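Here are a few exercises to work through with the model open beside you. Try each task before you read its solution.

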Amino acid sequence: GTGLPSSDIPLKLQSSRVLSNLRDKSSDLEKYIYLRGIAESNEDLYFATLVNNVEEVMPIVYTPTVGQACQKFSQIYTAPLSPSRSSGLFVNLADLGSVAAVLDTYPSKDVKCIVVTDGERILGLGDQGANGMGIPIGKLALYCACAGIDPKTVLPIVVDVGTNNEDNLKDEHYIGLRRKRERGEKYDQLIDELVEAVKEKYGESCLIQFEDFGNSNAFRILEKYQETSCCFNDDIQGTASVVLAGIIASKGITGVDLKDHRFLFLGAGEAGVGIANLIAYAISDETGCSVDEARKQIHLVDSKGLVSEARVKSGEKLAHHKLPYTHPICTDAPTSTLLDCVNTLNPTALIGVSAIPNTFTQEVVEQMANNHANPLIFALSNPTSKAECTAEQAYNWSGGRCVFASGSPFAKVELSKENIQTTWGTKNAPFRHRSNVRIPGQGNNAYVFPGIGLGVIASGATRVSDKDMLIAARTLAKECKSSDLCNGSVYPPLSSIRDVSLKIATAVAENAYEEGTATVDRPKNLQSYIQSTMYHPTGGK
Ligand SMILES: O=C([O-])CC(=O)C(=O)O
Ligand SMILES: [Mg+2]
């Protein structure tokens, strides 16, 4: 005998047992902890549960609950005796000079996909130090569940260079280095050694996803490695791709083309500048104008107000990544608050990437709805507690007319009949919306990074480009159907994510063959080949 119970319970039935246990838990964090335990003991069961119930389980293993899990990570950590697939790998400052040896401690040798963070900007929650490990683990779970990347080939990494989070430093349970963040040369050396060791050990086409670094490192690291290594930054590029997709798809509701929008961003960090850059690239690609010309219809607001030429002229030293958006504006136009900026600049789309809740106030949303029949209101900051406004607020304050998307999931909203205005859609829009129900789309990079990864891995691509992000956005936008638009969503349902990922992967792989970065011979039928590489949880049967 095997020593195991005699009844052979099919994976499907085991998974329904997990789901009912999950529903019995009294908090999301408890659900998270329960699922981590299953991931550690039975990987196929964990993925079967996630794959077959994405809409219900994803918010537990990923955003928003993963944010809470990171905040409590040291508390819930059950120290394994050695690094494991489900608990990830910690590379810390003392490993400088021997990073390759640390990679050797990881059980999987055939690694194809890495998510790495230094924990400085975990979602909109700021510096979580080594506790940020929840993020690479969660992102990689989505690679496997949403795009069928083989769990045996993924590697979650935290580069631990200290933390400036005082609560962590004081917490006796804190698992990370108990020191302030390294900001000097050693930081760069550690990242460099890691990237080189990865290439050496796993090959030039092992994908590295940089995740949740602080602004001061994220842009630098991306610029340094994107031309020479197979990598991308999810917060700058992945977020941009998913948001661009939502904007393109929103035309089905608003009748407004991407090129005819005026964009106002609250937040000028990785997400803000990443989205703005990709929008400008997309407009330039469509119309033939220069990227700089396209940038003129995009304005950013940061913690000090509107990013503008006047601020540069007054001697302020703006971060490098904001400089392309320092447009000249009439100096007596009021721009000191977001509402002022809405009035002065008359944007058609308001994009929240500020990590500050309640910043899309009733006045701001009402003004957007006064100015435009169907303004775009995207409250993208994560987790839910950081969203600029809620779905309910955006719909109610705009008479149900705005196109809303958020980074974290919001439930469907039923508007009261007296609060709904019927001017949904314009004469250019293909249909009119009459119902009082809105199902907000989740404009989260989870729609694109798994598919991009699958395409890169299947083709053996050695680079990831901005063009890949544009291609992924256009592919995703096509997957948003009139059945989604008529509920107000500019994204397809999450339940179709594996199919969406396969289509994104095929388009991204196609681009790798065109750009000459693919290293796997081109199969005759690319899509069916990629599909044949996808992992399905089968319980070993
Ligand atoms: O993790 C997410 O839900 C999206 C993301 O990358 C972030 O907010 O940093
Ligand atoms: Mg992130």
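Helices (H or I, at least four residues) and strands (E, at least two) are DSSP runs, numbered from the N terminus. This is a predicted model, in which local features need pLDDT of at least 70 and side-chain atom pairs count only at pLDDT 80 or more, while totals for chains, interfaces and linings use all residues. Residues are numbered from 1 along each chain as its sequence is written, and chains are lettered from A and ligands numbered from 1 in the order in which they are written.

**Exercise 1.** Find the loop that holds N444, and say whether N444 is buried or exposed.

*Solution.* Start with the loop between β14 and α19 (449-459), where N444 is found. (Buried means 20 or more other C-beta atoms within 10 Å of the residue's own, exposed 12 or fewer, and partly exposed in between; C-beta atoms are placed from the backbone.) Finally, leaving aside neighbours within four places in sequence, list the contacts of N444: T63, V242 and G407. Two residues are in contact if their C-beta atoms, placed from the backbone, lie within 7 Å.

**Exercise 2.** Describe the shell around ligand 1 by residue and by class.

*Solution.* First collect residues whose C-beta atom, placed from the backbone, lies within 6 Å of the ligand. They are T63, L123, D212, D234, D235, N382, G407, N444 and N445. Then sort them: 1 is nonpolar, 5 are polar and 3 are charged. (Ala, Val, Leu, Ile, Met, Phe, Trp, Tyr, Cys and Pro count as nonpolar, Asp, Glu, Lys and Arg as charged, and the others, Gly among them, as polar.) Last, domain 1 (11-229) and domain 2 (243-444) each give at least three residues to this shell. Domain bounds come from an automatic or database domain assignment.

**Exercise 3.** How many residues do domain 2 and domain 3 bring to their contact?

*Solution.* The assignment places domain 3 at 447-520, and the C-alpha centres of domain 2 and domain 3 are 24 Å apart. Their contact takes 25 residues from domain 2 and 17 residues from domain 3.
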